[in-house]
Every structure is written in structure tokens, then in C-alpha cells.
Amino acid sequence: MMKTERIIVHEVGPRDGLQVEKTIVPLEQKIAWIDGIMNSGIDIIQLGSFVNPNAVPQMADTDELFAHYSIAANRPAQVVLSGLVLNEKGLDRGMACGVEMFCMGVSASETHSQKNTRMTTSEALGRIIPMAKAAQSAGKKVQVSVQSAFGCGFEGAIPGEKVLGIVKEYLAGGIYNISLADTAGHAHPVQVEELFNSIKELDSRVELTCHFHNTYGLGLANSYAALRVGVTSFESAFGGLGGCPFTKVPAGNVCTEDLVHSLQRMGYRRDIALESLLDTARDVQEFFDRELPGAILKSGSIAEFNKGRVQTS
């Protein structure tokens, strides 16, 4: 087993998983799914994003979700609630309704940045860093990201130097929790190892997170590559749902059940209740009335398979 700190699993299904879905999920249904994820033992859950509901209708109830969980009696104490913000207005909304961890970032792709925020990368960076500092000053956890860090559906390859330049700006601002997001799903394992290793060389205080999309089938392979080089936090979505509505080929995230199953097979995070995650994914699958891409949702856990073999041998 590789030596590493405790692995953190950050469920982004309620936000990234649902934001491209055309069928609006009622608030009560979202709460039921989130409760299921909470009860599994997942560490962080991203309830939503503070964006214009006209642009992303699925996120119109984000404030209500946070308000609900700020007073929910059945919420596990260890779960951290995160929210994505793109601008100062979103930050103000998040502060008002109880966000515990603010996620914010900029895209290394100028085209994606314009489509997503109507700002250049430099303009977005000039706003995100003061926002992150303000949230930190208010006692909030903050994670900053570089989106399209491994490639862009519009521009193709993104120079590693540009990604590292953004990371250096974050570090100079005193922000050390940094995520690399493979928004377009272009990453491959060698690239993942090289880029994360380069970031680790910049500052030993950096805390690394990865966010992979499974556009070309390499999501879990990239997650393993990140684990090998010391990444300790992994973002994923129930059932493998998701995709950025402002990228060229929106595709699902690494599936939470598949990620947790893989980690458990390697000896990590056996405290997470995989069956609880699968129950939620089955409910999501039934709601949308289509087969979801998660592998373990189809095959079942290999631990259960082996248990069955022992019982029948």
C-alpha cells in the first residue's frame, strides 16, 4: 500500500452531477439523495453552486439546500458542506446561507473561461484570489481550482506552464488547498503524475485535490495516478453523472461508487458504506429512468462476489 495521509472523498453529485440534467430534480428528492450520501460516511458534499438560475436552472434551490442542512438534526457531524462560487455575489449568498467550504477557481483555457464566466483567465484570477482571502478571513475552508488543467475541448492541449502559473498565484495569495480539474476529460495518467509532482515542488504546504471526468474512459486510471503521487482528496459524483455545460463535450465525473470500491480494494476508506452509495445511485438511476455509467452499479461489489463464493463453496 502506498504511504499517504487519510484519503478524502468529496461528493460533487448534487452540483456537478446534476447541473447538466434537463429534468429538474425537486428539492425533496435532492435532500433524500444527499441524506443517503451523508449516511455513507463521505467526508465532503457539494450541495450546489451559487450561479444565475437562468443559466443553470438545476441550481436554483442551492440556498434552500444549505438552509435546510444548517438546521438538520440528522446531519452527521463530520460532514463538511461545500458550495461552488464564481463571483462576489455568489460568495455573499454562500456566506449568508451557511457554506462551510467554498470552492472557486479559474480556467486555464481562455475559451472555457469566457464561456463559463465571461472573463479572461487573468480577469477571473484577479477576482478569485481576493474572494478566497475574504472567505478564509471569515473562518471558512477554501479550495481553489484550475479548471481545464489537462486540456480543453475547444483549444486542445493546455501548456503545463500556464497551469503552474495560476497555481503560483494561488500560493502567493496564501491559498494552499488546490484542485486540478480535468473539465474536458483529456487527462492521461503520465500527465497527471507530472503535473501534480510539479505543483508539489512549488511549495510543501500544498494540499492537493483532483477532479476527473470520464469523457474518454480514463477517470479511474487518472485517480490512481494522482493517488500514487500524493493527492489526498478526490472529487466524484454519484452514478458517474455530470459534466460542465460550458465545455464542448460534457461528460460524467468519476463515479463515487467506483472510486470508493477501488480505494477499498487497495485498503483505503473501508469505513465508507459502499452499499449506501449504491442505494443512492440506484434511486438516481430510477429517477432519471436510464442506465447510469457506474460500473459497480451494474456488477456489484467484488467483496460481495467473493462473499457469495465462500458461502456456496
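On a 1 Å grid over the protein atoms alone, a pocket is an open set of points with protein on both sides within 12 Å along at least five of seven lines, and lining residues are those with an atom within 4 Å of a point. The structure is a predicted model, where local features need pLDDT of at least 70 and side-chain atom pairs count only at pLDDT 80 or more, while totals for chains, interfaces and linings use all residues. Residues are numbered from 1 along each chain as its sequence is written, and side-chain values use heavy atoms, with hydrogens and water left out.

The second largest pocket holds about 630 Å³ of space, a volume being the space filled by probe spheres set on grid points joined across faces, edges and corners. Strands S5 (141-147) and S7 (207-212) each give at least two residues to its lining; strands (E, at least two residues) and helices (H or I, at least four) are DSSP runs, numbered from the N terminus. Sorted by class, this lining has 8 nonpolar, 9 polar and 9 charged residues. Here Ala, Val, Leu, Ile, Met, Phe, Trp, Tyr, Cys and Pro count as nonpolar, Asp, Glu, Lys and Arg as charged, and the others, Gly among them, as polar.

A cavity is a set of points where a 1.4 Å probe fits but cannot get out, and the structure has 1 of 30 Å³ or more. The lining of the largest cavity consists of Cys 210, Phe 212, Ser 223, Phe 234, Glu 235, Val 254 and Leu 259, with S7 and strand S8 (233-236) as the elements that supply two or more residues. That makes 5 nonpolar, 1 polar and 1 charged.

On to the helices. H4 (residues 88-97) and H6 (residues 121-137) pack at about 15 degrees with axes 10 Å apart; axes are lines fitted to C-alpha atoms over the stretch in contact, and angles run from 0 to 180 degrees between N-to-C directions. The pair is therefore roughly parallel, the term for angles under 35 degrees. Contact (heavy atoms within 4.5 Å) is made by Glu 88, Leu 91 and Met 95 of H4 and by Arg 127, Met 131, Ala 134 and Ala 135 of H6.

Technical notes
Angles under 35 degrees count as roughly parallel, over 145 as roughly antiparallel, 65 to 115 as roughly perpendicular and the rest as oblique.
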